[in-house]
Amino acid sequence: MGCDANGCPILENYQGRQIVLTPGHQEDGTWICEYVITKLDSSTCPSTKGCADGTFHSANEARVAALLTAKTIINSQVQTSEATLKSKATRRSCGSCGG
């Protein structure tokens with residue numbers, strides 16, 4: 001994934017959003033990873049932040065889990081946006097035909 005074992009942050013672009021993954025080494029030797037999701041084409045949209053559930057044996061395992069979590073959130077946001085757009089288009093077409 002383009003990072004070393006020290007847990008440096010990495011960036012990934014996915015579906016018009018940027019995901020920043022920042023792994024962290026715990027005192028007990030395990031790893032966690034925080035993600036921050038930012039929409040690329042808008043500076044007004046708030047970022048979504050979180051961590052992958054659980055602790056992991058390596059920085060890479062933590063990054064993979066956080067990336068999968070972030071992509072699941074993005075997929076959900078995209079589906080919601082598409083449904084909203086379809087709903088608005090349906091209302092406009094019904095309004096224009098009197099229905």
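Which residues have the most contacts inside the largest nonpolar core? In this predicted model, they are Ile-19, Leu-21, Tyr-35, Ile-37 and Ala-66, and the core that holds them has 17 residues.

## Overall architecture

The protein contains four strands and one helix. Read from the N terminus, these elements follow the order β-β-β-β-α. Of the 99 residues in the protein, 25% are buried. The accessible surface amounts to about 6,300 Å², and carbon and sulfur atoms account for 52% of that surface.

When the contacts between residues at least 6 apart in sequence are considered, 44% of them link residues at least 24 apart.

## The nonpolar core

The largest nonpolar core comprises 17 residues. Strand S2, strand S3 (31–39) and helix H1 each contribute at least two residues to this core. The greatest contribution is that of H1, which provides eight residues. As a general matter, nonpolar side chains in soluble globular proteins tend to be buried together.

Ile-37 is one of the residues with the most contacts inside the core. Apart from neighbours within four places in sequence, Ile-37 is in contact with Arg-17, Gln-18, Ile-19, Ser-47, Thr-48, Ala-70, Ile-73 and Ile-74.

## The salt bridge

The structure has one salt bridge. The partners are Lys-71 and Glu-12, whose closest N and O atoms are 3.7 Å apart. Because Lys-71 belongs to helix H1 (residues 59–96) and Glu-12 to strand S1 (residues 10–14), the pair ties together parts that are 59 residues apart in sequence.

Both partners fall into the intermediate class of accessibility: Lys-71 is partly exposed, with a relative accessible area of 21%, and Glu-12 is partly exposed at 24%.

## Arg-17 and its surroundings

Arg-17 is located in strand S2 (residues 17–25). Its relative accessibility is 10%, so Arg-17 counts as buried. The side chain of Arg-17 makes a polar contact of 3.2 Å with the side chain of Gln-77.

Beyond residues up to four places away in sequence, Arg-17 touches Glu-12, Ile-37, Thr-38, Lys-39, Leu-40, Ile-74, Gln-77 and Val-78.

## The cysteines

Why does the structure have zero disulfides? A disulfide is a covalent bond between the sulfur atoms of two cysteines. The sulfur of Cys-33 finds its closest cysteine sulfur in Cys-51, at 7.5 Å, which is too far for a bond. A search of the whole structure accordingly returns zero disulfides.

The surroundings of the two residues can be compared through their accessibility. Cys-33 is buried, with a relative accessible area of 0%, whereas Cys-51 is partly exposed at 39%.

Asn-60 is placed in helix H1 and is partly exposed, with 37% relative accessibility. Although Asn-60 and Cys-33 are separated by 27 residues in sequence, their C-alpha atoms are 9.2 Å apart in space.

Thr-69 is likewise part of helix H1, and its relative accessible area of 26% makes it partly exposed. The C-alpha atom of Thr-69 is 8.2 Å from that of Cys-51, a residue 18 places away along the chain. Setting aside neighbours within four places in sequence, Thr-69 is in contact with Tyr-35 and Ala-52.

## Backbone geometry at Gln-15

Most residues other than glycine have a negative phi. Gln-15 has a positive phi of about 50°, although it is not a glycine. Gln-15 lies in the loop that connects S1 and S2, and at 42% relative accessibility Gln-15 is partly exposed.

Notes: Residues are numbered from 1 along each chain as its sequence is written. This is a predicted model: local features need pLDDT of at least 70, side-chain atom pairs count only at pLDDT 80 or more; totals for chains, interfaces and linings use all residues. Side-chain values use heavy atoms; hydrogens and water are left out. A salt bridge is a side-chain nitrogen of Lys or Arg within 4 Å of a carboxyl oxygen of Asp or Glu. Buried means under 20% relative accessible area, exposed over 50%, partly exposed in between (1.4 Å probe, protein chains only). A polar contact is a pair of N or O atoms within 3.5 Å; within protein, one must be able to donate a hydrogen and the other to accept it, and residues adjacent in sequence count only if both atoms are side-chain atoms. Contact means heavy atoms within 4.5 Å. A nonpolar core is a set of buried Ala, Val, Leu, Ile, Met, Phe, Trp, Tyr and Cys residues joined through side-chain atoms within 4.5 Å. A disulfide is a pair of cysteine sulfur atoms within 2.5 Å. Accessible areas come from the Shrake-Rupley method with a 1.4 Å probe; for residues, only the protein chains shown count as cover.
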